[in-house]
Amino acid sequence: MELGLAGRRALVTGAGKGIGRGTVQALHAAGVQVVAVSRTRADLDSLVRECPGVEPVCVDLGDWEATERALGNVGPVDLLVNNAGVALLQPFLEVTKEAYDTSFNVNLRAVIQVSQIVARGLISRGAPGSIVNVSSQASQRAITNHSVYCSTKGAVDMLTKAMALELGPHKIRVNAVNPTVVMTPMGQANWSNPQKAKTMLDRIPLGKFAEVENVVDIILFLLSERSSMTTGSTVPVDGGFLAS
């Protein structure tokens with residue numbers, strides 16, 4: 001399927017690893033000019049070597065002021081992928097203020113801030129656009145030790161719908177993808193225990209975790225005009241987990 005993305009400019013957060021890096025690679029291969037945002041300089045350096053022409057921006061999205069300085073003058077962006085996220089796992093009774101603040105600052109507040117920057121630019125240009133927020137199956141199902149993470153992703157799902165409602169009249173579409181466990185460095189770190197992994201795999205009808213490209217394929221579809229009538233949606237990439 002030809003997605004017709006060539007010649008457009010995209011911004012991808014959390015671009016250094018995992019889903020974000022895979023998204024940058026796929027967009028670059030499709031002829032998209034990509035602004036890659038990560039807090040880790042070494043990841044950006046290797047990404048630029050791999051995908052010449054990618055524009056790196058190194059910033060911690062948990063810092064509002066630093067993000068404004070880094071992205072406030074980013075220039076015209078047509079496509080946005082809000083992928084940056086953290087998963088700080090704690091039993092509910094041991095949740096700390098630091099874990100709460102970091103999780104909501106990166107997983108939710110940064111989505112609002114970066115989306116505002118991009119959407120304001122689109123509206124000022126009178127240009128259509130597409131935003132994809134990377135959520136999780138954990139937005140819709142409770143998972144042990146994930147109380148804060150589940151809460152941030154539940155908020156992302158509702159934010160996606162609210163953004164779609166308000167930005168739709170400006171021809172800006174907003175959707176979310178909701179993956180199961182993905183075999184990224186973060187996914188591998190949190191689900192490397194075979195017994196823990198089995199409890200999740202037993203709830204997935206397809207019996208496997210997702211690979212990065214499974215999620216990237218859906219992200220690119222939602223960015224493209226092939227999904228031109230789709231906005232405010234949360235799209236599972238979960239092997240059937242949410243159906244079980």
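**Notes on rings and cores**

1. Let's start with Y100: at 40% relative accessibility, Y100 counts as partly exposed (buried is under 20% relative accessible area, exposed over 50%, partly exposed in between, with a 1.4 Å probe and protein chains only). F104, at 18% relative accessibility, counts as buried.

2. A word on the source: this is a predicted model, where local features need pLDDT of at least 70, side-chain atom pairs count only at pLDDT 80 or more, and totals for chains, interfaces and linings use all residues. Residues are numbered from 1 along each chain as its sequence is written, and side-chain values use heavy atoms, leaving out hydrogens and water.

3. Back to our two rings. Y100 and F104 sit 4 residues apart in helix α4, about one turn of the helix (helices are DSSP runs of H or I, at least four residues; strands are E runs of at least two; both are numbered from the N terminus). Their ring centres are 4.6 Å apart with planes at 35 degrees, so the pair is tilted (Phe, Tyr and Trp rings, using the six-membered one for Trp, pair if centres lie within 6.5 Å; planes under 30 degrees apart are stacked, over 60 edge-to-face, the rest tilted).

4. Of its 31 residues, L11, V37, L61 and L71 touch the most other members. Helix α4 gives the largest share of this core, 9 residues.

5. There's also a second, separate core of 29 residues, including I19 and V24.

Notes:
A nonpolar core is a set of buried Ala, Val, Leu, Ile, Met, Phe, Trp, Tyr and Cys residues joined through side-chain atoms within 4.5 Å.
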